[in-house]
Amino acid sequence: LLAPAGLVRSLSLGSTYAGGGLLQILPPLCFQFPSFLGRFKAALQIRKDFVEQTAQTSCVIVGGKQAPLDWEHALDAYRNRARLYGLEMGGAQAPPSTLLRHLWAAARHYVSPARLAMLKALPFPKHVFGTSSHDMLVGIDNSATLATAIGASLKTYPGAGHDIWVHGQRRAVFADLEVFITQAADLDRGHHRCKGA
């Protein structure tokens, strides 16, 4: 909103929301805390090795319900991250205190209806990449609310967890992102041609 006119030519948002009341901003894991905690503790019981335990706990944190092959692909991605960084949003990637600060900042995240209306009025394409009801960190209902508020198109990905770039729908997400970027660029080129004529 603060960028000079013409600098921002499209906007895509994923796994996020614009704020709201307490029920909107609480992570879905809060509403299923006993089962979430059970899944997390079960993942911690994996004594095979650090990488496997870390991959399993990362999958629990972001959520998702995938077909077995897709789940294995997600675990492979988290295994690679674990080898490089440790626990998702923990250890070398970010210490636990940073995770708590991130959750606090996200809980305080709020964009007023007036600012959302300003964003909606801006003349460039907008798209919201929503996850699914299996996202443990952002409620899926918030995606539709955000998309409507800013005049964005919306696509959700069944079974996807918070990290839509890793889970079973990742190919679809990247393909949809490519289409959105290409269409936004085509619109922008067409707009500039009209202005130059």
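In this predicted model, the charged group of Lys126 lies over the face of Phe124, at 4.9 Å from the ring centre. Phe124 also belongs to the largest nonpolar core, while Lys126 is one of the buried residues of strand E2.

**Strand E2 and its partners**

- Strand E2 is covered on both faces, with Lys126 and Val128 buried on one side and His127 and Phe129 buried on the other; in general, the side chains of a regular strand alternate between the two faces of the sheet.
- Strand E1 (residues 11–14) runs parallel to E2 and is joined to it by 4 bridges, and within this pairing Gly14 stands opposite Phe129.
- Strand E3 also pairs with E2 in the parallel sense, here over 3 bridges, and Lys155 is the bridge partner of Phe129 in E3.

**Nonpolar cores**

- The largest nonpolar core has 9 residues, namely Ala18, Leu116, Leu119, Phe124, Val128, Leu146, Ala147, Ile150 and Ala152.
- At least two residues of this core come from each of helix H6 (113–121) and helix H7 (141–150), and H7 gives the most, with 3 residues.
- Leu146, a member of this core, touches Leu13, Thr16, Tyr17, Ala18, Leu116 and Val128, when residues up to four places away in sequence are not counted.
- Another core, of 7 residues, lies apart from the largest one and includes Cys59, Val62, Leu75 and Val166.

**Aromatic pairs**

- The structure holds 2 aromatic pairs, and one of them is formed by Phe36 and Phe40, which are stacked at 6.3 Å centre to centre with 20° between the planes.
- Because Phe36 and Phe40 are 4 residues apart in helix H2 (residues 33–44), they are separated by about one helical turn; Phe36 itself is buried, with a relative accessible area of 9%.
- Phe129 and Tyr157 have ring centres 6.5 Å apart and planes at 10°, so this pair is stacked as well.

**Overall arrangement**

- The chain has 8 helices and 3 strands, and its elements run β-α-α-α-α-α-α-β-α-β-α from the N terminus on.
- Buried residues make up 35% of the 197 residues in the chain.
- Of the contacts between residues at least 6 apart in sequence, 71% join residues at least 24 apart.

**Confidence of the prediction**

- The mean pLDDT of the chain is 80, and 84% of its residues reach 70 or more.
- Confidence is highest in strand E3 (residues 153–155), at a mean of 93, and lowest in helix H5 (residues 96–108), at a mean of 65.
- Where pLDDT is low, the predicted coordinates should not be read in detail.

Conventions
Residues are numbered from 1 along each chain as its sequence is written. Side-chain values use heavy atoms; hydrogens and water are left out. pLDDT is the predictor's confidence in each residue, from 0 to 100. Rings of Phe, Tyr and Trp (its six-membered ring) pair if their centres lie within 6.5 Å; planes under 30 degrees apart count as stacked, over 60 as edge-to-face and the rest as tilted. Buried means under 20% relative accessible area, exposed over 50%, partly exposed in between (1.4 Å probe, protein chains only). A charge sits over a ring if NZ of Lys or CZ of Arg is within 6 Å of the ring centre and within 35 degrees of the ring normal. A nonpolar core is a set of buried Ala, Val, Leu, Ile, Met, Phe, Trp, Tyr and Cys residues joined through side-chain atoms within 4.5 Å. Contact means heavy atoms within 4.5 Å. Two strands pair if DSSP finds at least two bridges between them.
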